[in-house]
Amino acid sequence: MDENEIIKGCLKNSPESQKALYNYYYTKMLGVCLRYSKDSTEAKEILHEGFFKVFTNLKNFKAPEPFEGWIKKIMVNAAIDYLHKNKQNLIVSTFNANKSVANTLEELTDEELISNINKEEILKAVQELTPAYRKVFNLHLIEAYSHKQIAEMLDISEETSEANLSKAKFNLRKNIQQIITKPHGK
């Protein structure tokens, strides 16, 4: 079955089509959900809520919009809704910069720092960000939303969005530095 046939089947509530759609997009959309969650269990909860919304709102999909982009928007919104519902979005405020990281690591560019770790470690470093920082980081740098759009989505000011992004980048760099300096196997 091609994507259009799967969508038509889903609109007719065909369990086979729903399963095909779920299986086809599972891995990609789980990756989206992982960027917003603290761990894989939470990501799977978000994913399932997102797919429920996909099937519920499929009648609102308008071609020629790319279907994958439409699903991705739903997953991002499901992640934001999940975090709001679980009150994880208010952890923002103070910027407590820890200056005790090794000078040699501080001198590395972001690209050099990231080249020293694998994708799983990068994802772990992102997941260690506070929910507020993680949301703004993902929405701005991964999903390419403007600070104005993020402010509207999260009901915060543009300045808060910009500050949270700055703090997210700082904390992400610190998290990556800790991963690099951590002895392997511990």
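Predicted model: local features only at pLDDT ≥ 70, side-chain atom pairs only at ≥ 80, totals over all residues.
Across the whole structure, a search finds 8 aromatic pairs. In one of these pairs, the ring centres of F61 and F67 lie 4.9 Å apart and the ring planes stand at 90°, so the pair is classed as edge-to-face. The class follows because planes over 60 degrees apart count as edge-to-face. A pair of aromatic rings is described by two quantities, the distance of the centres and the angle of the planes. Both F61 and F67 are buried.

The secondary structure of the protein consists of 10 helices and 0 strands. Read from the N terminus, the order of elements is α-α-α-α-α-α-α-α-α-α. The protein has 186 residues, of which 40% count as buried. Among contacts with a separation of 6 or more, 69% are between residues 24 or more positions apart.

F55 is another aromatic residue, and its place is in helix α3, which covers residues 40–57. The relative accessible area of F55 is 26%, and F55 is partly exposed. With residues up to four places away in sequence left out, F55 touches C10, Q18 and L21. F55 and Q18 are separated by 37 residues in sequence, while their C-alpha atoms are 7.8 Å apart in space.

Side chains of opposite charge can pair when their charged atoms come close. The search of the whole structure finds 8 salt bridges. One of them joins K85 and E49, with the closest N and O atoms 3.4 Å apart. K85 counts as exposed at 53% relative accessibility, whereas E49, at 24%, counts as partly exposed.

A second salt bridge connects K73 with E65, and here the closest N and O atoms are 3.5 Å apart. K73 is partly exposed, with a relative accessible area of 43%. E65 is partly exposed too, with a relative accessible area of 26%. In the salt bridge between E128 and K124, the closest N and O atoms are 2.5 Å apart. E128 counts as partly exposed at 40% relative accessibility, and K124 is partly exposed at 41%. Salt bridges also link R35, K72 and E143 in a network.

The packing of two helices was examined next. Helix α9 spans residues 147–154 and helix α10 spans residues 158–181; the two pack at an angle of about 105°, and their axes are 8 Å apart. Angles of 65 to 115 degrees count as roughly perpendicular, and α9 and α10 are therefore roughly perpendicular to each other. On the α9 side, the residues in contact are H147, K148, I150 and A151, and they meet E158, S161, E162 and L165 of α10. By type, the residues of this contact divide into 3 nonpolar, 2 polar and 3 charged.

Most residues other than glycine have a negative phi, and most peptide bonds are trans. The peptide bond from A63 to P64 is cis, with omega near 15°. P64 is located in the loop between α3 and α4. N13 has a positive phi of about 60° although it is not a glycine. The loop that holds N13 runs between α1 (3–11) and α2 (15–36). N13 counts as exposed, at 57% relative accessibility. A144, likewise not a glycine, has a positive phi of about 65°. A144 is found in the loop between α8 (131–142) and α9. The relative accessible area of A144 is 61%, and A144 is exposed.

Terms used. Residues numbered from 1 in each chain as written. Heavy atoms only, no water. Axes fitted to C-alpha atoms, helices over the stretch in contact; angles between N-to-C directions. Helix = DSSP H or I, 4+ residues; strand = E, 2+ residues; numbered from the N terminus. Parallel < 35°, antiparallel > 145°, perpendicular 65-115°, else oblique. Contact = heavy atoms within 4.5 Å. Nonpolar A, V, L, I, M, F, W, Y, C, P; charged D, E, K, R; others polar. Phe/Tyr/Trp six-rings, centres within 6.5 Å; stacked < 30°, edge-to-face > 60°. Buried < 20%, exposed > 50% of the residue type's maximum accessible area, 1.4 Å probe, protein only. Salt bridge = Lys/Arg side-chain N within 4 Å of Asp/Glu carboxyl O.
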